Amino acid sequence: MKVNEVMNRNVYTINSDESVIEACKIMDKYRIGFLPVMKNDLLFGVITDRDIVIRAVARNCIGNTVEATCTSHGLTIASKDEDIKIVLEKMAKYQVKRIPIMDNGTIIGVIGIKDCIKHPDFATTLNKIYETQVTHPDYMIFENGNPHDSVKIDDFIL
């Protein structure tokens, strides 16, 4: 299975000189938690809803620019022709849930952990990312190893 088969092609971005408040508005409008950050029409970084809470709100910098406040650098990217297994390995290695998809220097999509659910390595990767015990193919998450504390993956917010 290749990235281009499951990636999300609706990519919303934000410019690095925009405010964190504007990032929040975009995330709220489109019900997303991840925005690629652009600078001079190039991918500069990403900002997530978690970045906003941990970096901007906690530091009382919500009015500052995305670049100054909470852009994550050291990007992990993928290409549209990559195998999902490779993307899952990247997600596990770098502890990320979403990866921008690039083609000739242009962002063409985003792939998230939810997009990879049908891949056979999904449960193993989710286990590495969240350090929980996961079964496959039912995609149940067991907290503390107790099946009675399980929830279906559809109920788990990724």
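Arg55 and Asp51 sit four residues apart in helix α3, so about one helical turn separates them. Their side chains meet in a salt bridge, with 3.6 Å from N to O. How buried or exposed is each partner? Asp51 is buried, at a relative accessible area of 9%, whereas Arg55 counts as partly exposed, at 25% relative accessibility. Because the cut-off for buried is under 20%, the value of 9% puts Asp51 in that class, while the 25% of Arg55 makes it partly exposed.

Please keep in mind, as you look at the structure, that this is a predicted model.

## The chain as a whole

Let us step back for a moment. The chain has six helices and nine strands. It holds 158 residues, and 40% of them count as buried. Among the contacts in the chain with a separation of 6 or more, 49% are between residues 24 or more positions apart.

What about the outside? The chain exposes about 9,200 Å², and 47% of that is supplied by carbon and sulfur atoms.

## More salt bridges

How many salt bridges does a search of the whole structure find? There are four, and the bridge between Arg55 and Asp51 described above is one of them. Another joins the side chains of Asp103 and Lys80, at 3.7 Å from N to O. Here Asp103 belongs to strand β5 and Lys80 to the loop between β4 and α5, so this pair ties together parts that are 23 residues apart in sequence. Asp103 is partly exposed, with a relative accessible area of 27%, and Lys80 is partly exposed too, with 29%.

Lys90 and Glu82 provide one more example: their side chains meet in a salt bridge at 3.1 Å, N to O. Glu82 counts as buried, at 17% relative accessibility. With buried defined as under 20%, this is why Glu82 falls in that class.

## Around Thr76

Thr76 lies in the loop between α4 (66-69) and β4 (78-79). Although Thr76 is in a loop, it is buried, with a relative accessible area of 14%.

Which residues does Thr76 touch, leaving aside its neighbours within four places in sequence? Thr76 is in contact with Lys90, Tyr94, Ile99 and Pro100.

## The aromatic pair

A search of the whole structure finds one aromatic pair. Tyr12 and Tyr30 make up this pair, and their rings are stacked: the centres are 3.7 Å apart and the planes are at 15° to each other. Tyr12 lies in the loop between α1 (3-6) and β1 (14-15), and Tyr30 in helix α2 (residues 20-30), so the pair ties together parts that are 18 residues apart in sequence.

## Two residues with positive phi

Phi of Asn40 is near 55°, which is a positive value in a residue other than glycine. Asn40 is placed in the loop between β2 (34-39) and β3 (42-48). At 68% relative accessibility, Asn40 counts as exposed, because the class of exposed residues is set at over 50%.

Gln95 also has phi near 55°, again a positive value in a residue other than glycine. Where does Gln95 lie? Its place is in the loop between α5 (84-94) and β5 (98-103). Gln95 counts as partly exposed, at 45% relative accessibility.

## A nonpolar patch on the surface

Finally, here is a feature of the surface. Ile21, Val57 and Ile62 form a nonpolar patch there, and together they have about 220 Å² of accessible area. One of these residues, Ile62, is found in the loop between α3 (49-57) and α4. Ile62 counts as partly exposed, at 31% relative accessibility.

Terms used. Residues are numbered from 1 along each chain as its sequence is written. This is a predicted model: local features need pLDDT of at least 70, side-chain atom pairs count only at pLDDT 80 or more; totals for chains, interfaces and linings use all residues. Side-chain values use heavy atoms; hydrogens and water are left out. Buried means under 20% relative accessible area, exposed over 50%, partly exposed in between (1.4 Å probe, protein chains only). Contact means heavy atoms within 4.5 Å. Rings of Phe, Tyr and Trp (its six-membered ring) pair if their centres lie within 6.5 Å; planes under 30 degrees apart count as stacked, over 60 as edge-to-face and the rest as tilted. Accessible areas come from the Shrake-Rupley method with a 1.4 Å probe; for residues, only the protein chains shown count as cover. Patches are made of residues with over 30% relative accessible area and no salt bridge: like charges are joined within 9 Å, nonpolar side chains (Val, Leu, Ile, Met, Phe, Trp, Tyr) within 5 Å.
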